[in-house]
Amino acid sequence: MGHSTDPVKRSPVRAAKGFVSVASRMAIVIFALVAAVSALVAFELTRREEGHSIESKRLAGSMLTELLADSIAPALDFADGDAVHASLTMLAKNHDVVDAAVWGPDDREPLAELRDKGPLATASREPGIRVARDHIDVARVVKSPVGKPLGTLLVRVSLAGERAAVVAAKKRIFWLAFALSALVAALLTAVVRRTIISPLAALERAARRLSRGELIEVENLRLDEIGSLGHTFNHMGRAIREREQRIYSVNTRLQGLLDTMRQAIIVFDGDGRLERERSRIAEQLLGDAAGPNTSIVDILYPVEHASGVEREAFRAWLGVAGAVSRDRFDELVDLAPKEARLHRDDGDDRILELEFRAAAGDRDGRVMLLATDVTSQRRLERTAEAREREHQKQLGAMRRLLAGGGQVFVRFLTSARDRLGRAQRDLGSPGPLTQESVEHAFRFVHTLRAESRSFDLGAVEELALGLELELAGARHAPPGSAPLVVMRKSLESGYRELSTLLDDAEALFVESSPIGRRVLEQVTVSRADVDELMGRFGARNDDLGRLVSRLAARPFGELTSTLGDDATRWAGKAHKRVEVVVTGREVLVPARVAERLSGVLAHLLRNAIAHGIEPEERRLELGKHAVGRIELSCREASGGVEIRVHDDGAGFDTTAFAGETLEAAFEPGRSTRKTADELGGFGVGLGAVRDELKEIGYLVKLRSESGIGASVLLGPEGRATEGAWSTSPSSS
Amino acid sequence: MVDQPVIVVVDDSEIILERIKARLEMEGYRVITTAQTVGAARHLKGASLVIIDWHMPGMTGGDVLESFQRAVASSAKRPAFYLYTSDPTVSAAAKHAGFDGTFVNKGDDESLVQQVAAALRIAKLKARAAPA
């Protein structure tokens, strides 16, 4: 005991008040048992020995009394007191005789007594032997040879010696028994310690080490009950280790699974307190802020950074989610926040997409949060949205330009490029700029800035303003100074960038133009003048005739510029959705065809929407895109142009023309629709289209593929119009 | 389309109204904006949320709220009324004035989207908890 490092000795049980070792208990019991047995044995032995001693003394006293009685009988017969007394006096040499006395037959007083007035004076003279504690009285009637009673003899023999011997023996036996008991107890205690206590202590130490997770087995086991217990302990230890390894292996696999998921996984209880389970990404994302028992509310919506309403909403949801049973958790998923902004001290706030689920476990109310870091994705989306808004803004500006007359803008582009070229040449050879160059450059960028503002060219305006400010500073620089060298470099790179921006503006202008690049070549002429030219020279088969014909021709894009919006409106009325894609915008359509084409195309579009394009739900069921696609394509051909109107709808419903070819669709009164409305169904359209185009030498052909789509092909007579048409990937 | 929540926004700045409308409609809400308080109560029928600016010409957001609350007093379904402000002193007085809460960070459209979503979730949770 004391300051031992032995865990057994430091055991709280051993340190408790009232602890008594098994060995000590055994020692006490053994000692008591041995002592009791020894005492019993000793008591019995001494009692027997005492009995034997007393019996021996009794016999001796009896014999002595007999002999004495015989010796004093004659003297007593003659009443010779002196002789009797002399006989009694001989007994005085016997130390065991305490007293002796003789009475005559009728004497009340002793005739002779060994001691005067001794203890026998009052003793009983009844013949017999009486054993008292410390003496034996032997009384005998003295008789004559003829048997005549002569008197009584009483001899008292002492038992003091015997008694003293018994007491001495008892003491010896007591001490011997004590020593024997102590020895036996000590020996047995030593044996118990060696065979039971020590092995148990070793087992106890091993159990403590096992409880601390150490790999331990008890060794040197004997073939007895303790050894058997030791073997059982070792077996238990091995089983525990195996189970721990299995649990560790499962946990490692689970943790690995959590860690490979790209989401931060956290588990919290019904009060919002974080639990230990989490993925590696959660550790990385949340850092020290997410210790056990931290509140999920404080992590997602810290007071200093989140709005009160978001905190309130999440707390309210948590209150309900933590109380609902696992099988009803899905009812609450839609009421949980879908996104949160995770504040970080380094300023790199993260946007998290949140998904909540009921966590598996032994109790309800636990919730698992799967948080995906979508910060980069959101930034990209917002950047893309911002660019798209900017792009739409520019497109809108361009459309306004076109509506107001794109030629002004074209003239601006041409003029700006010319002036830019002169400005670049004016920079001259390398070296500091001259003051004259600075002034020229300043006037150029200053004018360009104003012009670009009027055309809503924000990027050009911004760049021009920057150069203007630099030039304003360089105006006052001394000739040949370093600022003028720097200014040259700025202008060189600025002019290159301006050139790029002007090209971009032109590309945007062309992109938003229904007639594409032809818009750059547009001039304003009088329709009456063109018609007159056509009337006079259009029929000629020479260069002049062809030139006039080209002047009168109109770009396909111009003829289809409004059809996109019209188609959207018509489709909306039919509860459908379409987009119109135009290719070959720049192809020039001969005047005689252009006059009729807008109406024809409008008619064919209505047909496609009414008969071909399916409703949105039906298209989705068929695995098609929800929005139907109608392509208007135009290409040059010998003798004119070829035009195709193609839709990805259901194709012509030939059940309406059972047993007949598609040509039946051109017959008056024939329609694939059962009912008619403003879009169609009256059975007059296609035939009228064919007749109208035939007047100008154009044919109409139909192609259909059930479930895939249909095409209407227009082309000059004599053309096969069978050449492959490529599908446009873009929309106008 | 059928279950789009309707949000009414009252602010004296047309620019702010335009921005809020564009951003919230991107999230799928139906948004009704008005810079006029007179006659605005008719927009409240069927609305889930009403967002009100505090500093209005000739009156405060609290006055607007009061008139709106009178208008919907007899309605079975009352919208949630939220104040939209960056002024912390006004924000602190919102609950006392009778607003259900406050939207902060005025001008931050992204923050507004999250706060609107949170307010609508609170309303749904309250409706769920209310006795039938």
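I looked up Asp96(A) and found it partly exposed, with a relative accessible area of 37%; the model is predicted, and I read every value here with that in mind. Asp96(A) forms a salt bridge with Lys57(A), and the closest N and O atoms of the two are 3.3 Å apart. I then checked where each partner sits: Asp96(A) lies in the loop between helix 3 (81-90) and strand 1 (97-103) of chain A, while Lys57(A) belongs to helix 2 of chain A, so the pair ties together parts that are 39 residues apart in sequence. Lys57(A) counts as buried, at 8% relative accessibility.

Next I turned to Arg58(A), whose side chain meets that of Glu55(A) in a salt bridge at 2.6 Å, N to O. Both residues lie in helix 2 (residues 22-77) of chain A, three residues apart, which is about one turn of the helix. I noted Arg58(A) as partly exposed at 23% relative accessible area, and Glu55(A) as partly exposed at 34%.

Last, I followed a network of salt bridges that links Arg344(A), Asp346(A), Asp348(A), Arg350(A), Asp373(A) and Arg379(A). For the whole model, I wrote down a count of 57 salt bridges over all chains.

Key. Residues numbered from 1 in each chain as written. Chains lettered and ligands numbered in written order. Predicted model: local features only at pLDDT ≥ 70, side-chain atom pairs only at ≥ 80, totals over all residues. Heavy atoms only, no water. Salt bridge = Lys/Arg side-chain N within 4 Å of Asp/Glu carboxyl O. Helix = DSSP H or I, 4+ residues; strand = E, 2+ residues; numbered from the N terminus. Buried < 20%, exposed > 50% of the residue type's maximum accessible area, 1.4 Å probe, protein only.
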